[in-house]
Amino acid sequence: MKLYSGTQVFKFCALTAVIVFGVSIFTGRISSSANDDGVAAAREESGAVNEGLNPQNQAGAGEENSLGNPMIEGLEQNPAVIIPVSTGNTNYTQDEVQNINVYTACNEAVVNINTKVTSYDWFLEPYVQDGGSGSGSIIDKRGYILTNVHVIQGATKIYVSLFDGTQYEAEVIGQDLDSDLAVIKFDPPSGMELKTISFGDSGSLKVGQKVIAIGNPFGMERTMTTGIVSGLGRPIQNSNNRIIRNMIQTDASINPGNSGGPLLDTNGRMIGINTMIMSSSGSSSGVGFAVPSETAVRVVGDLIKYGKVNRGTIAARLVQNSRRIAQYAGLDIATGMLVSEVTRGGNAEAAGLKGGTEAAYYGNRSSVIYLGGDIITKVDDVEVKTLADYYSALESKRPGDVVTVVVRRGRRDVTLRVVL
């Protein structure tokens, strides 16, 4: 057996320690370099994602920005805000962070709307009492707010409450029964910088996509609920007996007071306006409906500019067909819109639409309609059985548009091309 002196043992241990220390430093540098490369790549990828999610400002009517988001001419909105989709904070899941960031970016742009209405007592003396309540979205820094018609309908006074509790009186700029959308406005104090919500693209929505609703259910201000798009393209008849086409169906909880508030995507863009629920109890049962932003963009521009929506119409006097009329006139159908009279020299007359010739009292002795004319049964691809169907078919049409109209003439169908 070979023996070593104490000096030799000490030298051997020292050399071993130096070698181990050098190897650890070398491997540490390699690991650090790899991590730096990975972080840089992740940052580049995150930047690309955030750039794609960045909602842009809107500046032109009927146009789209580089991301395909709809824009309305003349709206003054806040600069684009990036909604991050992840964070280094391990206390929250990615989904939670997304919800928190959307709420942070948008909740101050959601207002609570309360109304006053005029009623009459037993002596027919007028008095003012509380009306309804709902929600709205600030869409312009000058104080323009988008909400539902039924939230402000019949109101003599309208008040909006902001996130900080301040309350202002608002006036109606315009309202549209066919879409149940209205624009109201209040005057913010000098120096107040309002937050706004931008419109998103409802045309690209998919069933299953996550959505977020912010509103004031039961008066509880700026409440947030989440859910998914559970259906698209729903034709729903509202409380004004108008059929709104292409409604967004969602299971996000929507209750009384949510009406008029925004339905948001995960980028904080308004892809719908919460309007109604389907429920036997009057409370949320997981089936809510929102007017798509595609409709809102088309309507809002006209409401701000003209106070109403300029839609195309058929230049004729129309009457809802019914079983009683069909039986009296010997018609083979009991639905559709009777053409009582056609405007002389109008586009409908030029297209060949025919009015009635046989006068008959309708409803009361002072109302006369003319039977024997055409019965409109379809406009473009929309079947027209009721007046609500007729309004729905023309909801997105403009004066000058050409529509294909199918009419029942005698006992056969005739197709016409009518300029609105």
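Residues are classed as buried under 20% relative accessible area, as exposed over 50%, and as partly exposed in between. By this criterion Glu169, with a relative accessible area of 43%, is partly exposed, and Lys157, at 35% relative accessibility, likewise counts as partly exposed. In this predicted model, the side chains of these two residues meet in a salt bridge, with an N to O distance of 3.3 Å. Because Lys157 belongs to strand 6 (residues 157-161) and Glu169 to strand 7 (residues 167-176), the pair ties together parts that are 12 residues apart in sequence.

The mean pLDDT of the protein is 82, with 79% of its residues reaching 70 or more; among its elements, strand 5 has the highest mean pLDDT (97), whereas helix 1 (residues 6-53) has the lowest (48). Over residues 29-61 the pLDDT is below 50, although in the model this stretch has 46 contacts beyond near neighbours in sequence.

A search of the whole structure finds 21 salt bridges. One of them joins Asp95 to Lys210, whose closest N and O atoms are 2.5 Å apart; this pair links distant parts of the chain, with Asp95 in helix 2 (residues 94-106) and Lys210 in strand 9 (residues 210-215), 115 residues apart. Asp95 counts as partly exposed because its relative accessibility is 41%, while Lys210, at 18% relative accessibility, counts as buried.

A further salt bridge is formed by the side chains of Arg311 and Glu395, at 2.9 Å from N to O. Here too distant parts of the chain are linked, 84 residues apart: Arg311 is in the loop between helix 4 (293-306) and strand 15 (316-320), and Glu395 is in the loop between helix 7 (387-394) and strand 21 (402-409). Arg311 is buried, with a relative accessible area of 15%, and Glu395 is buried as well, with a relative accessible area of 13%. Arg311 and Glu395 also belong to a network of salt bridges that includes Asp176, Asp178 and Arg298.

Within strand 5 (residues 144-148) lies Asn148, which counts as buried because its relative accessibility is 0%. The side chain of Asn148 reaches the backbone nitrogen of Gly260 at 2.8 Å. Leaving aside residues up to four places away in sequence, Asn148 touches Asp180, Leu181, Ala182, Ser259, Gly260, Ile273, Asn274 and Thr275.

Definitions and conventions: Residues are numbered from 1 along each chain as its sequence is written. This is a predicted model: local features need pLDDT of at least 70, side-chain atom pairs count only at pLDDT 80 or more; totals for chains, interfaces and linings use all residues. Side-chain values use heavy atoms; hydrogens and water are left out. Helices (H or I, at least four residues) and strands (E, at least two) are DSSP runs, numbered from the N terminus. Buried means under 20% relative accessible area, exposed over 50%, partly exposed in between (1.4 Å probe, protein chains only). A polar contact is a pair of N or O atoms within 3.5 Å; within protein, one must be able to donate a hydrogen and the other to accept it, and residues adjacent in sequence count only if both atoms are side-chain atoms. Contact means heavy atoms within 4.5 Å. pLDDT is the predictor's confidence in each residue, from 0 to 100. A salt bridge is a side-chain nitrogen of Lys or Arg within 4 Å of a carboxyl oxygen of Asp or Glu.
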